[in-house]
Amino acid sequence: MAQNSTLEKPSRGGWKSAIFIIFVEVAERFAYYGVAGNLFMYLTKVLGQPTATAAKNVNTWQGVSAIFPVVGGFLADSYVGRYKTILFSSVVYLIGLILLTVAVSAVPLQLRHTVFFVALYILSIGEGGHKPCVQTFAADQFDENIPSEKLAKSSFFNWWYVGIVCGATAAVLVVIYVEDYVGWSFGFGMLAVAVAAALVVFLVGSWGYRRQAPVGSPFTRVAQVVVAVFRKRRLSEREARGVCSEDEGLVGGGGAGVQALSRTSQFRFLDKAMMIDEKDDEKRNPWRLCSVNQVEEAKLVLQLVPIWLSCLMFAVVIAQLGTYFTKQGSTLNRTITPKFQIPPASFQVITGLTILISVLLYERALIPLSRALTGRQSGITVLQRIGTGLAFSILTMAVAAFVESRRVSVARENGLLDRPRSVVPMAVWWLVPQYVLCGLSDVFTVVGLQELFYEQMPVGMRSVGAAAYITVTGVGSFLSTGLISVVQWISGVSGGGGEWLGDNINRAGLEYFYWVLAGMSAVNLCVYVCVAKRFVYKRVEVDGGGTPPF
């Protein structure tokens, strides 16, 4: 126990425990995408909301669902623990799904809007506890002090994402079809049953989990550094009597506590917090004098902020997947047989399948090839992986703009510009490239963010780190909502062709909106490259150094 403060026996943890937790995540993703994947169509077809209003409501709900994990991650790391947080959030999630099923089946239409949205935001509360903890709790099952488990952990994030995509793909293929052609109540009921089964499986695996105790507020140590820097803002390095190197609870591995971090030269202004002056000789005040290790933890958190900001445009692009991409598909020829049409929201399965295939190719082909070229065990760095995903997001919007231009051209040739409910005689398969590119962007960026915000955060803040990468999606969804409003206003007051994002997308100018997103994404990528080049990976003293930079 000297090197590990987890509360488990040595025989616990590993893949045999992680598999139970992965099952829970698969079921939760199955439920989430069963709701989110077809939410736009429910709001427009059943509740009768205008296209732009429905898109903003979808983005807002997804944004809230991705912001709540910050609270859940904080409570899990500080007071409750990850196991109990997952248990509680799963119960809340199940309640939300049951209420959603009741809303679409037993509540009169005039009251359904209120009950439906209450149920949606109960799901958001469940997401708040579930998202930041399940992945981190599963990763905790691999002890970095055991070489075999550390090696297994290196590929864990890829296979974890495969599980997520399997759940999402199953929802898009099965549940959305059931919702469109059998009934919404039956579709949402399937989701409730899946989450209930996952809760049982999670409880069955409880005997073998490694559980880490809460470490108190993870923000306190960072806040102490900020306060200490302010109080010593006039202290110069020449006046200092040395630095404070003492810290409590240091560990060398991945257990709870504090890792012994090497001193770095970035954010030098924070170093004042560790400098000793005459007032520190009497008694150490943690709000005036911080250890080297504590300052380095604050640096880790601070340097992740620019990375987080430069990934927001990626999330704005991904937000189009369940809104305007779906709207495009609903206007095209989706007929497979005379009696069967593919639901427009089901085309999101192409993105899921792309992710599954890409992860397999990444593990089996790209990593070995890049490992041979670069000499790094991981092949390419995490930041290079994220940057590749951001580049694919630019291509996604450029291709989507070209396809939308083609769709409008066909509608014009067939006299359908003022008949938005008519099917444009153009195969829906034209949308496949943008869905594929969206999947490639997702698999590089999201998996990279997962790994970066787990590995580079201080140990005691890993659930908060998981929440932080999730909030990229949330804030990106809010930004998408804001952009839709801004574009509607500008295009509406400028005259000419009317609103770009009106209900009649045959005349709306959706392709121009896509080009705006492509241009913003290109500028964002340039900013990201500048930020990534200055990033310094975590250096743990027992490891003898950190990973090479970008």
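A salt bridge is a side-chain nitrogen of Lys or Arg within 4 Å of a carboxyl oxygen of Asp or Glu. I started my notes there, as opposite charges on side chains can pair when their charged atoms come close.

**Entry: ground rules.** I am reading a predicted model, where local features need pLDDT of at least 70, side-chain atom pairs count only at pLDDT 80 or more, and totals for chains, interfaces and linings use all residues. Residues are numbered from 1 along each chain as its sequence is written, and side-chain values use heavy atoms, with hydrogens and water left out.

**Entry: the count.** I found 14 salt bridges in the structure.

**Entry: D140 and R82.** I looked up this pair and found a salt bridge at 2.2 Å, N to O. D140 sits in the loop between α4 (109–139) and α5 (147–181) and R82 in helix α3 (residues 82–106), so the bridge ties together parts 58 residues apart in sequence. Helices here are DSSP runs (H or I, at least four residues), numbered from the N terminus. I noted that D140 and R82 are both buried, meaning under 20% relative accessible area with a 1.4 Å probe, protein chains only.

**Entry: E297 and R221.** Next I checked E297, which forms a salt bridge with R221, their closest N and O atoms lying 2.7 Å apart. E297 belongs to helix α8 (residues 292–309) and R221 to helix α7 (residues 218–231), so this pair ties together parts 76 residues apart in sequence. E297 is buried, at 6% relative accessibility. R221, at 22%, is partly exposed, a class that runs between the buried limit and the exposed one (over 50%).

**Entry: a network.** Last, I saw E237, R263, R268, D271, E296 and K299 linked in a network of salt bridges.

Technical notes:
Helix = DSSP H or I, 4+ residues; strand = E, 2+ residues; numbered from the N terminus.
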